[in-house]
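Trainee: Can we go through this one together? I'd like to start with the overall picture and then look at some pieces.

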Amino acid sequence: MLLLGVNIDHVATLRNARGTRYPSPVEAALVAETAGADLITLHLREDRRHIRDADLAVIRASIKTRMNLEMALTNEMLDNALRVAPQDVCLVPEKREELTTEGGLDVIRYFETIRHYTRQLQANGTRVSLFIDPDDEQIKAAQETGATVIELHTGRYADAEGEAVHQAELVRIRHAALYGDELGLVVNAGHGLNYHNVKPIAAIREIRELNIGHAIIAQALMTGLAPAVREMKTLMLEGRHDAR
């Protein structure tokens, strides 16, 4: 079964734009779950541009599925994750000036830090995923840290201009998913996926879970959140079925 993680960060972005209590990320998480989301993804950034500390505990206590907390490699974020104890943590790179996560985590460069964080989180009962580019060396290093899950960065695929580049990135992701699966890793994917490009990624049978946020929240402005989640889940499952 292919799972859908709905990222609710941009609900919090809209809330924070006016400093109000609405729209509520908690309410959004519950609506997404009811509409078919298999987990709720959120990113507590260092600059708190969307999700805030107070959101974590409330969402963790409210949802019935899984919380997937994206976090940077900082002691502050590690402390937060150990306190909240989400079911999943995805370690991601983070730069203050970026609009969104721009690339995968360099596992080779930060290997010892990642291994240290991974061990602490796992000892606290949290499954650890590493958000990485679809690159064999990074995938192998990810396995060696002790993490059991990788999330392949699909940004280059999503942003590719021209069919040749688009197909080349798709082939790259397929290869990475197969390699990760052969190493015994759970392979997920995400970043930049939307209603027009999700099916070819969903068709990759080694991929277990897709994490999608911006496209779903944007569609929700037009159709409502529940229909937006259901439509994305339908497209994903159609893509997986067509691959049989």
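Predicted model: local features only at pLDDT ≥ 70, side-chain atom pairs only at ≥ 80, totals over all residues.

Trainee: OK. How many helices and strands are there in the protein?

Mentor: Eleven helices and eight strands. Both are DSSP runs numbered from the N terminus: helices are H or I with at least four residues, strands are E with at least two.

Trainee: How much of the protein counts as buried?

Mentor: 52% of the 244 residues. Buried means under 20% relative accessible area, exposed over 50%, and partly exposed in between, with a 1.4 Å probe and protein chains only.

Trainee: Switching to strands. What covers S6, and which residues sit on each side?

Mentor: S6 spans residues 149–153, and five of its five residues are buried. Val149, Glu151 and His153 are on one side, with Ile150 and Leu152 on the other. Both faces are covered.

Trainee: Why two sets like that, in a regular strand?

Mentor: Because side chains in a regular strand alternate between the two faces of the sheet.

Trainee: Which strand is joined to S6 by bridges?

Mentor: S5, residues 127–132, through four bridges, and the two run parallel. Strands pair if DSSP finds at least two bridges between them. Phe131 has Glu151 in S6 as its bridge partner.

Trainee: And S1, which strands is that joined to?

Mentor: S8, by four bridges, and S2 (residues 39–43), by three. S1 runs parallel to S8 and also parallel to S2. Val6 stands opposite Ile212 in S8, while Asn7 has Thr41 in S2 as its partner. Four of the five S1 residues are buried.

Trainee: Now H10. Which of its residues are buried?

Mentor: Ala215, Ile216, Ile217 and Ala220, in a helix that spans residues 214–223. Their cover includes strands S1 (3–7) and S8 (207–212), plus helices H1 (9–18) and H11 (225–242). Gly224 follows H10, and its phi is positive, near 100°.

Trainee: Single residues next. Is Ile114 buried or exposed?

Mentor: Ile114 is buried, because its relative accessible area is 0%. It lies in helix H5, residues 111–123.

Trainee: What does Ile114 touch?

Mentor: Not counting residues up to four places away in sequence, Ile114 touches Leu73, Leu91, Leu105, Asp106, Val107, Leu130 and Thr145. Contact means heavy atoms within 4.5 Å.

Trainee: Last one. Where does Thr74 lie?

Mentor: In the loop between strand S3 (67–71) and helix H4 (75–84). Thr74 has 16% relative accessibility, so it counts as buried. Leaving aside neighbours within four places in sequence, Thr74 is in contact with Glu46 and Tyr117.

Key:
Residues numbered from 1 in each chain as written. Heavy atoms only, no water.
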